[in-house]
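Dear colleague,

I am passing on the structure we spoke about, with my notes below it. Please read them with the model open beside you.

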Amino acid sequence: MRLDEALIGRGCDAARVRVLFEQNDPADVSGLRRAVLSGGVASEETWMEALAEVYGLPFLRKIPEESLDPELIADLPVEWARNHCMLPVRHKGRICIAARDPSAVCHVDYLSLLLGHDASLLLAPEQAYFL
């Protein structure tokens with residue numbers, strides 16, 4: 001499934017979605033996110049649900065407090081985590097990286113190296129990270 005189809009399937013206006021996808025590079029997930037959210041086409045939660053469906057990733061609306069492990073974030077520069085909207089968490093017994101943008105593979109690799117573990121990716125909206 002394509003991202004535009006996933007958004008339309010979630011009730012977003014088809015004509016507006018198609019226009020935004022024609023005007024923006026579909027490979028630029030961050031750029032599309034900005035266009036969709038600033039254009040009022042979808043809420044961040046709807047955007048994230050659509051991304052999770054397209055990428056086949058779990059989606060968390062909120063990161064549960066019990067998922068936060070001090071050992072995982074001990075060596076993580078806070079500004080880096082804020083700038084990239086990524087946070088290592090424990091989810092269903094595994095080390096995962098909660099991210100806003102699933103296309104930022106190089107940052108996921110960086111965090112996996114920093115953690116010394118392979119980590120799975122899951123999606124969470126920006127407000128789920130630093131409340």
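This is a predicted model: local features need pLDDT of at least 70, side-chain atom pairs count only at pLDDT 80 or more; totals for chains, interfaces and linings use all residues.

Overall architecture

The secondary structure comes to seven helices and three strands, and along the sequence these follow the pattern α-α-α-α-α-α-β-β-α-β. The C-alpha trace spans about 45 × 25 × 25 Å along its principal axes. The radius of gyration is 15 Å, which agrees with the value near 14 Å that a compact globule of 131 residues would have. Of the 131 residues, 45% count as buried, and among contacts between residues at least 6 apart in sequence, 55% join residues that are at least 24 apart.

Helix 3 and its surroundings

The part I looked at with some care is the pairing of helix 3 (residues 29-38) with helix 4 (residues 44-55), whose axes come within 10 Å and cross at roughly 145 degrees, the crossing being right-handed. On the helix 3 side the contact is made by V29, L32, R33, V36 and L37, which meet E44, W47, L51 and Y55 of helix 4. By class, the residues of this contact divide into seven nonpolar, no polar and two charged.

Within that contact, E44 of helix 4 and R33 of helix 3 are joined through their side chains by a polar contact of 3.2 Å. E44 counts as buried, at 14% relative accessibility, and R33 is likewise listed among the buried residues of helix 3.

The buried residues of helix 3 are V29, G31, L32, R33, A35 and V36, and what covers them includes helix 1 (3-9), helix 2 (14-23) and helix 4. A35, with a relative accessible area of 12%, is in contact with L20 and N24 once its neighbours within four places in sequence are left aside. A35 and Q23, which are twelve residues apart in sequence, lie 9.3 Å apart in space, C-alpha to C-alpha. Just after helix 3, G40 takes a positive phi of about 70 degrees.

What is the relative accessibility of P88? The value is 1%, and P88 therefore counts as buried. P88 is found in strand 1 (residues 86-91), and, leaving aside its neighbours within four places in sequence, it is in contact with L72, I73, L76, C96, I97, L111 and L115. P88 and D101, for their part, are 13 residues apart in sequence and 14 Å apart in space, C-alpha to C-alpha.

C85, in the loop between helix 6 (78-84) and strand 1, has a phi of about 50 degrees, while K92, in the loop between strand 1 and strand 2 (94-99), has a phi of about 55 degrees. Is each of them buried or exposed? C85 counts as buried, at 4% relative accessibility, whereas K92, at 76%, counts as exposed.

Key:
Residues are numbered from 1 along each chain as its sequence is written. Side-chain values use heavy atoms; hydrogens and water are left out. Axes are lines fitted to C-alpha atoms, for helices over the stretch in contact, and angles run from 0 to 180 degrees between N-to-C directions. Helices (H or I, at least four residues) and strands (E, at least two) are DSSP runs, numbered from the N terminus. A crossing is left-handed if the near helix is turned anticlockwise from the far one by less than a right angle, and right-handed if clockwise. Contact means heavy atoms within 4.5 Å. Ala, Val, Leu, Ile, Met, Phe, Trp, Tyr, Cys and Pro count as nonpolar, Asp, Glu, Lys and Arg as charged, and the others, Gly among them, as polar. Buried means under 20% relative accessible area, exposed over 50%, partly exposed in between (1.4 Å probe, protein chains only). A polar contact is a pair of N or O atoms within 3.5 Å; within protein, one must be able to donate a hydrogen and the other to accept it, and residues adjacent in sequence count only if both atoms are side-chain atoms. The radius of gyration is taken over C-alpha atoms; the globule rule is 2.2 Å times the number of residues to the power 0.38.
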